[in-house]
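Colleague: I have this one open on my screen and would like to go through it with you. Can we start with the sheet?

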Amino acid sequence: MAETHFGFKQVDESEKAEKVAGVFHSVAQKYDVMNDLMSGGLHRIWKHFTIAQSGIREGSKVLDIAAGTGDLTKAFARKAGRTGEVWHTDINSSMLQVGRDRLLDEGLVVPSLLCDAEKLPFPDNYFDCVSVAFGLRNMTHKDVALSEMCRVLKPGGRLLVLEFSKVWAPLKMPYDFYSFKLLPKIGKLVAGDEESYQYLAESIRMHPDQETLKGMMQEAGFGVVNYHNLTGGVVALHKGFKV
Ligand SMILES: C[S@@+](CC[C@H](N)C(=O)[O-])C[C@H]1O[C@@H](n2cnc3c(N)ncnc32)[C@H](O)[C@@H]1O
């Protein structure tokens with residue numbers, strides 16, 4: 001049986017999705033408040049930058065993968081307007097439900113769909129833009145998911161991958177202290193869940209760095225790939241264009 005990592009632990013590939021599901025069922029209700037708290041609100045700036053780089057306009061067809069509580073979906077739906085088509089999708093029913101309720105509360109009626117990024121139920125060459133924010137890190141077969149994202153994009157369409165990445169070396173020590181010593185404690189205090197936030201810190205360290213992810217996107221079929229480091233590489237936005 002093939003093995004993969006779940007944070008710093010080695011697990012059987014067949015177990016990873018279930019363990020990731022456990023994390024997100026546990027954190028769903030407190031996900032938004034924890035995001036603001038953990039990042040000091042920075043995740044809003046990272047997402048704002050992503051939206052600005054999306055190229056979405058009135059009428060665009062957009063797929064938000066691992067969309068969770070729907071921050072990007074919401075902004076994309078407003079940009080694509082009434083003639084656009086924006087999908088809010090996630091593999092986790094708890095996260096999808098919180099997101100769907102939030103979208104409806106804000107007067108946005110978009111389809112919410114439970115689906116796995118590794119098996120997208122959409123036709124080839126369909127979307128103008130596909131996004132995945134803080135989701136790729138959790139996927140068992142990232143290569144398969146990236147190929148699926150490329151498949152459903154139209155030629156000329158773009159993939160946006162917003163994800164934690166490798167920090168600028170001088171930031172490493174304080175960042176490690178924050179991630180491993182403080183973050184799980186904040187998780188315990190606010191969300192009553194220390195383990196999930198320990199997993200978050202570990203999964204970030206196991207995720208491919210900027211150049212490796214760029215190579216993986218090229219391997220998956222993206223003809224042009226570039227990236228922007230945000231907050232000293234704490235996060236990077238990779239853009240891949242299907243040619
Ligand atoms: C950290 S949350 C990100 C939510 C949202 N995109 C954001 O930026 O706030 C990661 C999400 O990835 C989802 N996810 C993990 N594996 C997935 C998969 N194979 N396919 C689709 N979604 C997945 C989880 O269920 C979770 O909702």
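Modeller: This is a predicted model. Seven strands form an open sheet, in the order S5-S4-S3-S6-S7-S9-S8, and the pairing is mixed.

Colleague: Which are the edge strands?

Modeller: Strand S5 (112–114) and strand S8 (224–230) are the edges, each pairing on one side only.

Colleague: And what does the twist average from one strand to the next?

Modeller: The average is 20 degrees.

Colleague: Remind me how strands of a sheet pair?

Modeller: Through backbone hydrogen bonds, either parallel or antiparallel.

Colleague: Take the S5 side, then. How many bridges join S4 to S5?

Modeller: Three, and the two strands run parallel. Threonine 89 stands opposite leucine 113 in S5.

Colleague: What about S3 and S4, parallel or antiparallel?

Modeller: S3 and S4 run parallel and are joined by four bridges. Aspartate 64 has histidine 88 in S4 as its bridge partner. S3, helix H4 (residues 71–80) and S4 together make a right-handed β-α-β unit.

Colleague: How many bridges does S3 have to strand S6?

Modeller: Four bridges join S3 to S6 (residues 127–133), and that pair runs parallel. There, leucine 63 has valine 130 in S6 as its bridge partner.

Colleague: How many residues of S3 are buried?

Modeller: Four of the five residues in S3 (residues 61–65) are buried, so the strand is mostly covered, taking buried as under 20% relative accessible area.

Colleague: Now the other end of the sheet. In which sense do S8 and S9 pair?

Modeller: Antiparallel, over seven bridges, with S9 covering residues 235–241. Asparagine 226 stands opposite lysine 239 in S9. The hairpin of S8 and S9 has four residues between the strands, and threonine 231 takes a positive phi there, near 50 degrees.

Colleague: Changing topic: which residues touch the most other members of the largest nonpolar core?

Modeller: Trp46, Phe76, Leu162, Phe164 and Val235 do, in a core of 41 residues.

Colleague: What does tryptophan 46 touch?

Modeller: Leaving out residues up to four places away in sequence, tryptophan 46 touches Ser39, Phe134, Leu162, Phe164, Leu230, Thr231, Val234 and Val235. Thr231 is the hairpin residue with the positive phi.

Colleague: On to H2. Which of its residues are buried?

Modeller: In H2 (residues 31–39), they are Tyr31, Met34, Asn35, Met38 and Ser39. Seen down the axis of H2, these fall within an arc of 105 degrees, so they line one face of the helix.

Colleague: What covers the buried residues of H2?

Modeller: Helices, including H1 (13–27), H3 (42–52), H5 (93–105), H7 (172–191) and H8 (194–206).

Colleague: And which residue follows H2?

Modeller: Glycine 40 follows H2, with a positive phi near 60 degrees.

Colleague: Last one. Where is asparagine 92?

Modeller: Asparagine 92 is in the loop between strand S4 (85–90) and H5.

Colleague: Is asparagine 92 buried or exposed?

Modeller: Buried, because its relative accessible area is 5%, and the cut-off for buried is under 20%. Not counting residues up to four places away in sequence, asparagine 92 touches Ala21, Phe24, His25 and Leu114.

Definitions and conventions:
Residues numbered from 1 in each chain as written. Predicted model: local features only at pLDDT ≥ 70, side-chain atom pairs only at ≥ 80, totals over all residues. Heavy atoms only, no water. Buried < 20%, exposed > 50% of the residue type's maximum accessible area, 1.4 Å probe, protein only. Arc of directions from axis to C-beta. Contact = heavy atoms within 4.5 Å. Core = buried A, V, L, I, M, F, W, Y, C linked by side-chain atoms within 4.5 Å. Pairing = 2+ DSSP bridges. Axes fitted to C-alpha atoms, helices over the stretch in contact; angles between N-to-C directions. Right-handed = clockwise from strand over helix to strand, strands pointing away.
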